Amino acid sequence: MSTHTKPEVKARSFGENLESDLAARFLRVVEIAAIASARTMGQGERPLSDQVATEAMRRTMDSIPMRGTIVIGEGERDEAPMLYIGEKVGAQFSDGTEVPEVDIAVDPLEGTNLCATGAAGAITVLAAAEAGGLLHAPDCYMEKIIVGPSCKHAVDLDASVSDNLKRIAKRLDRDVDDLVIIVLDRPRHEKLIADIRKAGARIKLIGDGDLSAGIAAAVRGTGVHAVMGSGGAPEGVITAAAIRCLNGYMQGRLVIDKPELEERIARMGIKDKNRIYEAEDLAPGKQIIFAATGVTDGALMKGVRFFGEGVRTSSVIMTLRTGKVRFIDSIHLDRSTDVKVKFV
């Protein structure tokens, strides 16, 4: 009679699979920040809205088992009291179990104006990867062009607006005048807007939130075909993390137009200020988590909704290696004995 011995299976260490071990924890970070900032909605206090989101994010991240480093944050240490670039966040296990090294990029409240005025589209957002998985981008502008998977490698920042629009239209099997391009409504985009209109494409001007716009451009069925123009470089890194999870395509180039910026990028180890980055350069991580929660109602997510016995949030969480995009509707109940839950 033969006996079969079950082969020994060793449990993997915590953080070895960063996405499965930490995704739900980072979801809670953006949820708590969204709830905090949503309580300030419409009060006209931009600094307050951003402050409470930042404080909530930091407090929640300090409960996560990790050695986290903020690589994209609220600014340099002298400018930001918390979640500054280089700040360490996270907690240790009480039994000494090893925790993972994590690089984190945050925008505690994208669309502070939107939240302060009660307008649509404000979100809380972060991206995380293994150490070295996110570019340490300076706080400056970045030229960007973002498209979906069908238009991979069809666009180029050095090409004319007209040529890029023709290439996008060809890949999508439609005419240029069928396209909708999102552009931030800024004086610096006056020529870009004129060039897009001259080429025949339609434009959707937005006041804030080019990160959300980038996600919309990478997803089919949103009615958005590209994002063009310059926005924040830190937001560009976070966008790149989402673009990688969505299999989209992005190019970005830093706008270095001041001597102090040249000194800063030199200190950060960036040697070529004219380099064109793709999403894989901005977010090169092998494991990436992107999480966002709506603060006010938007195209992708509903805003935070308060009711008598709790709060309801709408979030999206994406992971690269596991290839998942989850939309999560959560009800956060008060701790009372007579609480009542409503699902509709």
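The largest cavity in this predicted model has a volume of about 50 Å³, where a cavity is a set of points, on a 1 Å grid over the protein atoms alone, at which a 1.4 Å probe fits but cannot get out, and where a volume is the space filled by probe spheres set on points joined across faces, edges and corners. A search of the whole structure finds 1 cavity of 30 Å³ or more. Local features need pLDDT of at least 70 and side-chain atom pairs count only at pLDDT 80 or more, whereas totals for chains, interfaces and linings use all residues of the predicted model. Residues are numbered from 1 along each chain as its sequence is written, and side-chain values use heavy atoms, with hydrogens and water left out.

Lining residues, defined as those with an atom within 4 Å of a point, include Lys-144, His-189 and Asp-210 around the largest cavity. Strand 8 (residues 226-232) gives the largest share of this lining, 5 residues; strands (E, at least two residues) and helices (H or I, at least four) are DSSP runs numbered from the N terminus. By class, the lining of the largest cavity divides into 3 nonpolar, 4 polar and 2 charged residues, with Ala, Val, Leu, Ile, Met, Phe, Trp, Tyr, Cys and Pro counted as nonpolar, Asp, Glu, Lys and Arg as charged, and the others, Gly among them, as polar.

The largest pocket holds about 780 Å³ of space, a pocket being an open set of points with protein on both sides within 12 Å along at least five of seven lines. Of the 29 residues that line the largest pocket, Asp-107, Leu-109, Thr-112, Gly-232 and Glu-235 lie nearest its centre. Strand 3 contributes the largest share of that lining, 4 residues, and at least two residues each come from elements including helix 2 (46-61), strand 8 and helix 7 (233-246). The lining of the largest pocket comprises 10 nonpolar, 8 polar and 11 charged residues.

The structure holds 0 disulfides, a disulfide being a pair of cysteine sulfur atoms within 2.5 Å. For Cys-151, the nearest cysteine sulfur, that of Cys-245, is 19 Å away. Cys-151 counts as buried at 2% relative accessibility, since buried means under 20% relative accessible area with a 1.4 Å probe and protein chains only.

Arg-312, in strand 13 (residues 310-319), is also buried, with a relative accessible area of 16%. The side chains of Arg-312 and Asp-329 are joined by a polar contact of 2.7 Å, that is, a pair of N or O atoms within 3.5 Å, of which, within protein, one must be able to donate a hydrogen and the other to accept it, while residues adjacent in sequence count only if both atoms are side-chain atoms.

Note on methods
Buried means under 20% relative accessible area, exposed over 50%, partly exposed in between (1.4 Å probe, protein chains only).
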